[in-house]
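Thanks for coming, everyone. I'll take you through one structure this morning. Please have a look at it first.

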Amino acid sequence: NYTTKTFGVSSTVEYNGTSQSVSGETYGHLTTSGSGTKTLAGNTTVNGVLTVELGTDLDASTRTPILAGSGTPLIVNGTFTPSSSTVSYTSGSGATVTAVDYNHLTVNGAGGTFTPADNLPVAGDLTVSAGILDLGAHTADRTTSGGTLMVANGATLKIGGTNTLPANYTAHAIGASGTIEYNGASQVVAVLNSAQNYGNLTLSG
């Protein structure tokens with residue numbers, strides 16, 4: 001019944017029961033522990049680290065978890081269930097993108113470089129709104145055919161290894177000033193779908 005809830009940037013709120021509803025708030029650090037499923041009840045911003053401890057399942061439901069921390073802002077020792085959510089990484093300093101299953105995945109941190117810890121399975125849309133998503137030798141393929149791969153104006157998708165454009169997205173939306181950079185070795189430069197052209201195309205590596 002509190003109408004205002006304020007959590008300091010270095011504070012930690014820990015849900016330590018069994019099956020619990022996680023209030024949609026702006027947290028410093030947020031931890032799930034104990035046991036059972038913890039379900040996001042609203043859109044949630046975590047300015048530090050969101051930690052899912054062993055024995056718990058964080059169900060993101062239909063919500064938008066915004067991970068604003070740098071470093072590794074999502075640590076999953078238990079289970080992360082994406083359901084119909086959109087997970088957004090927003091640190092202006094960049095961050096490591098945790099290798100878990102995503103529904104919709106968004107990178108939206110102007111000035112930051114975001115690097116995956118491993119391959120990133122995406123069930124919905126992959127959106128680079130701002131900043132750089134540097135896949136390195138990893139992939140961010142859609143798990144089944146469908147969805148949209150978007151690189152917005154001013155944003156960059158960087159692809160390394162021998163990989164090409166993330167696969168199985170039936171629609172491409174590339175901003176006129178968006179950049180796709182092929183930074184590996186012996187790569188195929190993909191033909192875009194949806195009658196799209198590359199905004200900026202860079203070949204390096």
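First, a cut-off. Buried means under 20% relative accessible area, exposed means over 50%, and partly exposed lies in between. One caution as well: this is a predicted model.

Let's start with a single residue. Is Thr51 buried or exposed? Its relative accessible area is 13%. The limit is under 20%, so Thr51 counts as buried. Where is it? Thr51 sits in strand E7, residues 50-52. And what does Thr51 touch, leaving out residues up to four places away in sequence? The list is Leu30, Thr31, Thr32, Ile75 and Asn77.

Next, the sheet. Four strands make an open sheet. The order is E2-E5-E8-E11, and the pairing is parallel. Which strands stand at the edges? They are E2, residues 20-22, and E11, residues 79-81. Each has a single partner strand, so one side of each has no neighbour in the sheet. On average, neighbouring strands here are turned by 25° against each other, with direction ignored.

Let me zoom in on one pairing. Strand E8 covers residues 56-59, and this strand pairs with E11 in the parallel sense. Three bridges connect E8 and E11. Take Leu58: its bridge partner in E11 is Phe80.

Now the rings. How many aromatic pairs does the structure hold? Two. One is Phe7 with Tyr27, and this pair is stacked. The centres are 5.2 Å apart, with 20° between the planes. This pair links distant parts of the chain, 20 residues apart. Phe7 is in the segment before strand E1, residues 12-15. Tyr27 is in strand E3, residues 26-27. What about accessibility? Phe7 has 28%, so Phe7 counts as partly exposed. Tyr27 has 1%, so Tyr27 counts as buried.

The other pair is Tyr89 with Tyr102. This pair is edge-to-face: 6.4 Å centre to centre, 65° between the planes. Again, distant parts of the chain are linked, here 13 residues apart. Tyr89 belongs to strand E12, residues 86-89. Tyr102 lies in the loop between strand E13, residues 95-97, and strand E14, residues 104-116. Tyr89 has 0% relative accessibility, so Tyr89 is buried. Tyr102, at 1%, is buried too.

To recap: Thr51 is buried in this predicted model. The open sheet runs E2-E5-E8-E11. Thanks.

Technical notes: Residues are numbered from 1 along each chain as its sequence is written. This is a predicted model: local features need pLDDT of at least 70, side-chain atom pairs count only at pLDDT 80 or more; totals for chains, interfaces and linings use all residues. Side-chain values use heavy atoms; hydrogens and water are left out. Helices (H or I, at least four residues) and strands (E, at least two) are DSSP runs, numbered from the N terminus. Buried means under 20% relative accessible area, exposed over 50%, partly exposed in between (1.4 Å probe, protein chains only). Contact means heavy atoms within 4.5 Å. Two strands pair if DSSP finds at least two bridges between them. Axes are lines fitted to C-alpha atoms, for helices over the stretch in contact, and angles run from 0 to 180 degrees between N-to-C directions. Rings of Phe, Tyr and Trp (its six-membered ring) pair if their centres lie within 6.5 Å; planes under 30 degrees apart count as stacked, over 60 as edge-to-face and the rest as tilted.
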